[in-house]
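Open your viewer and keep the selection tool at hand. We will go from stop to stop.

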Amino acid sequence: MAVKCITDIDIYNKRVLFRFDFNVPLDTTGAIKDDTRIRRALPTIKYAIGKGARLVLTSHLGRPKGEIKPELSLKPVASRLSELLSEKVAFIDDCVGPKVQAVVNALEPGDVVLLENVRFHPEETKNDPKFSAELAKLADVYINDAFGTAHRAHCSTVGIAEMVKEKGTGLLMKEELENLGKAFSDPKKPVVGILGGAKVSDKISVLKNILNKMDVVLIGGGMANTFLKAKGLEVGLSLTEEDMIQTAKEIMERAIQTKCLFCLPEDAVVAPGIENGQEARVVQVKNIGSKDMVLDIGPATVKKFTAEIEKAATIVWNGPMGVFEKDAFKQGTMNIAKAVASSKAYSVVGGGDSVRAVAQAGVSDEVSYISTGGGAFMEFMEGKILPGVAALES
Ligand code: AMP
């Protein structure tokens, strides 16, 4: 079934309730550390203001677990939005109820109001129909532009969509679906997947799904250790998941059946611990000692992975190649980021750490598409239908 976009819907003088992902990182003083998520919502907001909609903005921030937590208020987002738009953005300290309805009903075309954190209400994350109905009272049209929470079936992402007749994606959600669709649904071959990060257990479903779809899978990060151990190699003090060794073996066997070239590191940067960067050294994976901790991929692995990246027509990347937060262990991730950026392939990067790594390498503008999704990006990689998108079908 088809999903409409905001551009397909008449929104003039309508109360349009938007679900955005304003889940921005805050520092200890409550100031916004990084406003990327607010900036990514601007095209949709500006479009709707231009079309004379009456804008009702909603989002979550953090995990208040159904309680009012002043430090997780969206109020600072209203101020930041107002600066970025050079428009007044009103703020209400709740997101449902008669007081909110009165403010929303009094909005004029082009007016913008941001409602308080939807997760201050415990019903939100339970997709409670009564709470969804309360939200729906504020909307003639519902627009979901929060790709980052599209994998969650909550009231503001799914429940409300089932209760409002006119609904669709915002411009960012549309862009995400188009770009990720290009990488996963009908990609140009060869397709190279780069998978890293801490654990195999977090990414089993992704691994199982991509073996059928990708020609090459490059594995780095802590998760590579479990595969090395499954091949009978010593991994010393490295992060490993004993209970995933059998699964790791099955995944490698499956890669052979599906003719997916499954590449593990050949060498690694090791140290006695994460805090011992000054003692870092490069070893072949067959020479990892019992007191070594693998904390990055080594230069030979970078070379091998780069050669595969250069041959790719499509690249999908999720998860860092090492503990890139530490200078001694960031080189592998930085070099892979640069290789992805230099490649002529259509490249998509998703997940908070990988996006940060690409920014740290100074190559964000050279990657074809940077997704705003972390969990949602992973579920897309797993081949799942995102509930927040399914709920927009009309
Ligand atoms: P994830 O959220 O699963 O993508 O994992 C990201 C985290 O994995 C980052 O904070 C990295 O520091 C960490 N990581 C990457 N490589 C390793 C490694 N070899 N050992 C321990 N942690 C790692």
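The model is predicted, so local features need pLDDT of at least 70, side-chain atom pairs count only at pLDDT 80 or more, and totals for chains, interfaces and linings use all residues. Residues are numbered from 1 along each chain as its sequence is written, and side-chain values use heavy atoms, with hydrogens and water left out.

**Stop 1: the ligand.** Select the ligand and its surroundings. It has 13 residues around it, and the closest include Ala 198, Gly 222 and Glu 325. (A residue is near if one of its heavy atoms lies within 4 Å.) The shell holds six nonpolar, four polar and three charged residues. Here Ala, Val, Leu, Ile, Met, Phe, Trp, Tyr, Cys and Pro count as nonpolar, Asp, Glu, Lys and Arg as charged, and the others, Gly among them, as polar.

Now look for polar contacts (pairs of N or O atoms within 3.5 Å). A side-chain N or O atom of Glu 325 is 2.5 Å from a ligand oxygen. A backbone N or O atom of Gly 222 is 3.1 Å from a ligand nitrogen.

**Stop 2: two helices.** Select residues 299–311, helix α10, and 331–342, helix α11. (Helices are DSSP runs of H or I, at least four residues; strands are runs of E, at least two.) Their axes, lines fitted to C-alpha atoms over the stretch in contact, are 10 Å apart at about 20 degrees. Angles run from 0 to 180 degrees between N-to-C directions. α10 and α11 are therefore roughly parallel (under 35 degrees).

**Stop 3: two loops.** Select Lys 189 and Pro 190. A cis peptide bond joins them, with omega about -5 degrees. Pro 190 sits in the loop between α6 and β7. Finish at Ser 86, in the loop between α2 and β3. Phi of Ser 86 is positive, near 55 degrees.

Definitions and conventions:
A polar contact is a pair of N or O atoms within 3.5 Å; within protein, one must be able to donate a hydrogen and the other to accept it, and residues adjacent in sequence count only if both atoms are side-chain atoms. Angles under 35 degrees count as roughly parallel, over 145 as roughly antiparallel, 65 to 115 as roughly perpendicular and the rest as oblique.
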